[in-house]
Amino acid sequence: MSEMNQLCVSACLSCLAACERCASACLQEPNLEHLRDCIRLDRQCAALCAMTAQLLAMDSEYAPQVCKLCADACEKCGKICSQHDHDHCQICATACFDCAESCRGVAMRLP
């Protein structure tokens, strides 16, 4: 596996963990309605990060296309999380933006 792919797998796994922690923490917050989009996007982003890491580890021919989708999801999730003052949301936003950047680097190898 290339170094770029290894770094992307690491970024995806970090983002997956941050999104899962954020969604769980958001569910404990008192104003749940305000966090609905955050929780929804956290869950979707985590699922895409897991699949992306798995396909990268397999050196799948589909990894660059999935990385593009993952980058888009991470960017959207990061933007929503960054709007909230909770520490878990801010940590998640940072992980999402880092993952989006890494995934875009892999996606740029698309033909």
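**Helices, loops and salt bridges**

User: At 7% relative accessibility, does H84 count as buried or exposed?
Analyst: The relative accessibility of H84 is 7%. Buried means under 20% relative accessible area, exposed over 50%, and partly exposed in between, with a 1.4 Å probe and protein chains only. The structure is a predicted model, where local features need pLDDT of at least 70, side-chain atom pairs count only at pLDDT 80 or more, and totals for chains, interfaces and linings use all residues. H84 therefore counts as buried.

User: Which residues does H84 touch, not counting residues up to four places away in sequence?
Analyst: H84 lies in the loop between α3 and α4; helices (H or I, at least four residues) and strands (E, at least two) are DSSP runs, numbered from the N terminus. Contact means heavy atoms within 4.5 Å. Residues are numbered from 1 along each chain as its sequence is written, and side-chain values use heavy atoms, with hydrogens and water left out. Beyond four places in sequence, H84 touches H34, L35, C38, C89 and Q90.

User: How do the axes of α3 and α4 cross, and what is the handedness?
Analyst: The axes come within 7 Å and cross at roughly 155°; they are lines fitted to C-alpha atoms, for helices over the stretch in contact, with angles from 0 to 180 degrees between N-to-C directions. That makes α3 roughly antiparallel to α4, since angles under 35 degrees count as roughly parallel, over 145 as roughly antiparallel, 65 to 115 as roughly perpendicular and the rest as oblique. A crossing is left-handed if the near helix is turned anticlockwise from the far one by less than a right angle, and right-handed if clockwise. The crossing of α3 and α4 is left-handed.

User: How many charged residues are in the contact of α1 with α4?
Analyst: The axes of α1 (residues 3-26) and α4 (residues 87-107) come within 8 Å and cross at roughly 155°, and these helices are therefore roughly antiparallel to each other. Their crossing is left-handed. By class, their contact has 18 nonpolar and five polar residues, and the number of charged residues is none.

User: Which helices hold R104 and E75?
Analyst: R104 forms a salt bridge with E75, the closest N and O atoms being 3.5 Å apart; such a bridge is a side-chain nitrogen of Lys or Arg within 4 Å of a carboxyl oxygen of Asp or Glu. The pair ties together parts that are 29 residues apart in sequence, because R104 lies in helix α4 and E75 in helix α3 (residues 63-82). R104 is partly exposed at 34%, and E75 is partly exposed at 23%. The helices are α4 for R104 and, for E75, α3.

User: Which residue meets R36 in a salt bridge?
Analyst: The structure holds four salt bridges. The N to O distance is 2.5 Å, and the partner is E33.

Notes. Ala, Val, Leu, Ile, Met, Phe, Trp, Tyr, Cys and Pro count as nonpolar, Asp, Glu, Lys and Arg as charged, and the others, Gly among them, as polar.
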